[in-house]
Amino acid sequence: MFTPEVYLRLFERANAWPGRGLWMVVALLAAVPVLLFQPLSGLRRLVPIVMAAGWGLTAAVFMLQFYAPINWPIGPLAWVFALEALLLALLALRPPPGGIRPVVLICWVAVLLALSWMTVYETGTWWAIALPGMTPDMTAVSTAVLLLAWPRRARWALLIIPLVWFIFSVLVHWTLKLWWPMVVPAGGLAMVLIAWAWPDRPSQESGVSERVY
């Protein structure tokens with residue numbers, strides 16, 4: 001079994017991997033709330049495409065290149081992440097999500113930033129920050145939150161893979177006694193259950209694109 005130090009080092013290695021390309025990842029992340037706030041539905045349709053790219057990048061880089069060599073179940077799970085990327089890409093064929101009110105959008109971003117900082121708090125270096133689209137826990141958490149913008153019938157199946165991942169990740173963090181980083185998958189687990197139970201608004205049920213939060 002690997003040590004907590006080896007596990008936390010994965011985040012620094014993943015952030016160092018793209019070099020200057022890391023800023024491109026950050027730019028894509030910043031594009032998601034901007035797209036959700038756009039009045040044109042065609043631009044909001046790009047949101048699941050960006051989410052799918054994040055799942056694919058997480059599987060190819062963090063999981064297969066860095067995590068799988070020290071934890072054998074990660075290899076098969078990386079292919080499950082690739083499957084989620086495909087399902088999210090197909091979601092772009094459905095009607096786009098409704099617009100998001102600014103106050104809700106700010107709350108979403110604040111929560112995700114706080115969760116991204118848990119590995120920084122544990123290691124003491126900002127190079128260990130866990131970014132959505134680069135690390136599996138944050139990618140799954142951000143997806144579970146964003147899927148609330150779609151009707152329940154469109155999002156319930158897309159929440160199964162995040163649920164399986166969060167259970168696995170909580171067990172890993174529990175074994176390593178990494179309590180602060182464990183907040184991310186534990187919070188994601190709660191987020192998936194909330195997303196499954198979250199009721200549709202009338203605009204979602206009718207498929208009309210308008211502000212739903």
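Me: Helices (H or I, at least four residues) and strands (E, at least two) are DSSP runs numbered from the N terminus; in which helix is Ser-116 found?
Reply: The model is a predicted one, in which local features need pLDDT of at least 70 and side-chain atom pairs pLDDT 80 or more, while totals for chains, interfaces and linings use all residues. Residues are numbered from 1 along each chain as its sequence is written, and side-chain values use heavy atoms, with hydrogens and water left out. The chain has 12 helices and zero strands, and the one that spans residues 102-116 and holds Ser-116 is H6.

Me: Which residues does Ser-116 touch, not counting residues up to four places away in sequence?
Reply: A contact means heavy atoms within 4.5 Å. Across the chain, of the contacts between residues at least 6 apart in sequence, 77% join residues at least 24 apart. For Ser-116, with residues up to four places away set aside, the partners are Ile-129, Ala-130, Pro-132 and Met-138.

Me: Which residues does Leu-147 touch, not counting residues up to four places away in sequence?
Reply: Leu-147 is among the residues with the most contacts inside the largest nonpolar core. Leaving out residues up to four places away in sequence, Leu-147 touches Met-51, Leu-88, Leu-91, Arg-155, Leu-158 and Leu-159.

Me: Is the pair of Phe-2 and Tyr-67 stacked or edge-to-face?
Reply: Rings of Phe, Tyr and Trp (its six-membered ring) pair if their centres lie within 6.5 Å, and planes under 30 degrees apart count as stacked, over 60 as edge-to-face and the rest as tilted. The whole structure has 12 aromatic pairs, and one of them joins Phe-2 to Tyr-7, with centres 6.3 Å apart and planes at 25 degrees, so that pair is stacked. The rings of Phe-2 and Tyr-67 have centres 6.2 Å apart and planes at 80 degrees, so this pair is edge-to-face.

Me: How many residues apart are Phe-2 and Tyr-67?
Reply: Phe-2 and Tyr-67 are both buried, and they belong to one aromatic cluster together with Tyr-7, Phe-11 and Phe-62. The pair links distant parts of the chain, since Phe-2 is in the segment before helix H1 (4-16) and Tyr-67 is in helix H4, a separation of 65 residues.

Me: Which element gives the largest share of the lining of the largest cavity?
Reply: On a 1 Å grid over the protein atoms alone, a cavity is a set of points where a 1.4 Å probe fits but cannot get out, and lining residues have an atom within 4 Å of a point. The largest cavity is lined by residues including Tyr-7, Phe-11, Met-118, Thr-119 and Val-184. Two or more lining residues come from each of H1, helix H7 (118-123) and helix H11 (179-197), and the largest share, three residues, comes from H11.

Methods: Core = buried A, V, L, I, M, F, W, Y, C linked by side-chain atoms within 4.5 Å. Buried < 20%, exposed > 50% of the residue type's maximum accessible area, 1.4 Å probe, protein only. 1 Å grid on protein atoms, 1.4 Å probe; cavity = no way out; pocket = protein on both sides within 12 Å on 5 of 7 lines; lining within 4 Å.
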